[in-house]
Amino acid sequence: MKTVFYSLVFNRKNEKLKNTDVSLIQICVYFDGKRRYISTGIRVEKQYWSESRKEVVKHPKALEYNKVLRQKLLALQDYEIELTSIGQAFNLDSLDSFLEGKDFKSFIDYMEQEITARQGISERTRSHHFVTLRRLKEFGKIKLFRDLTYENILEWDRSMHRSVSIKKQGTIYNQHIILKIYINSAIASKRFDPKDHPYLNFKAKKGNNTYDRKYLTEEELQRMEECQFEGTADMVRDLFLFCCLAGLAYCDAFQLCEDDFKYEEGHYFIDKDRNKTGV
């Protein structure tokens, strides 16, 4: 019996990369003198890849990325074992069918991998998407791609309405919006048939996310400025006041550098795009 070999490959084309250059991590499947390369969807800078250990190191998301890589390798090995158990021979053509088959990988696993590897979103947004994933796991009736039915989406919606931890319709609506992102992604990658899209018939209500927003008066800001604190609390207070007076979100203030401050006509101003909107 011929042996199948699996390995993780970074920068397959051996391009000359600087430490800050990004490249894709792929899985190489070697069988019968031929190789097949499979994208993991994870891209990292060269400085975060250990060639000797074949894993991501020192990256803020190293644990999550390595978990995804291990899951992908195990999925391929499990498929090989499954073929052996039913007396079928492994070949690279059947591997392609496996990768395209919507029922071989659970939707929950697919969604988790996509959230982890997704580019162009903030870590705060990523954490919101993981909350949706956690709620799906707690619901328990949507695991495989074939579980993405109108009936299950409707039941998930009802279960969220019964949840004591969700108090606003807008929150439930956002859970549906996030789930649709990954269903559409699965359709784009040909893992799911668009004819089976559960949201063709189910329409989530937006709700009314109106909040009675509180604000600090000038007097309250002045009182806070005059308060005396000990240790780092003094710096925290200054940063909070700076955000209030400059109209900046914390994430924008945190990323400020000296070049973002301009001085014209006797006044300083901040010239920087917002992290949330890019404006």
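Select strand β2 (residues 22-31) and then β3: the two pair in the antiparallel sense over ten bridges. Strands here are DSSP runs of E of at least two residues, helices are runs of H or I of at least four, and both are numbered from the N terminus; two strands pair if DSSP finds at least two bridges between them. Within this pairing, Ile25 stands opposite Ile42 in β3.

This is a predicted model, in which local features need pLDDT of at least 70, side-chain atom pairs count only at pLDDT 80 or more, and totals for chains, interfaces and linings use all residues. Residues are numbered from 1 along each chain as its sequence is written, and side-chain values use heavy atoms, with hydrogens and water left out.

Next, display the whole sheet, which is open, antiparallel and ordered β1-β2-β3. Its edge strands, β1 (5-10) and β3 (34-45), each pair on one side only.

Proceed to helix α4 (residues 123-139), which has 17 residues. Its first and last C-alpha atoms are 24 Å apart, close to the 24 Å expected, where the expected span is 1.5 Å times one less than the number of residues. Colour Arg126, His129, Thr132, Leu133, Arg135, Leu136 and Phe139, which are buried (under 20% relative accessible area; exposed is over 50%, partly exposed in between; 1.4 Å probe, protein chains only). Just after α4, Gly140 takes a positive phi of about 85 degrees.

Finally, select Asn208 in the loop between α6 and α7 (218-226). Asn208 counts as exposed because its relative accessibility is 57%. From Asn208 to Arg124 the separation is 84 residues in sequence and 23 Å in space, C-alpha to C-alpha.
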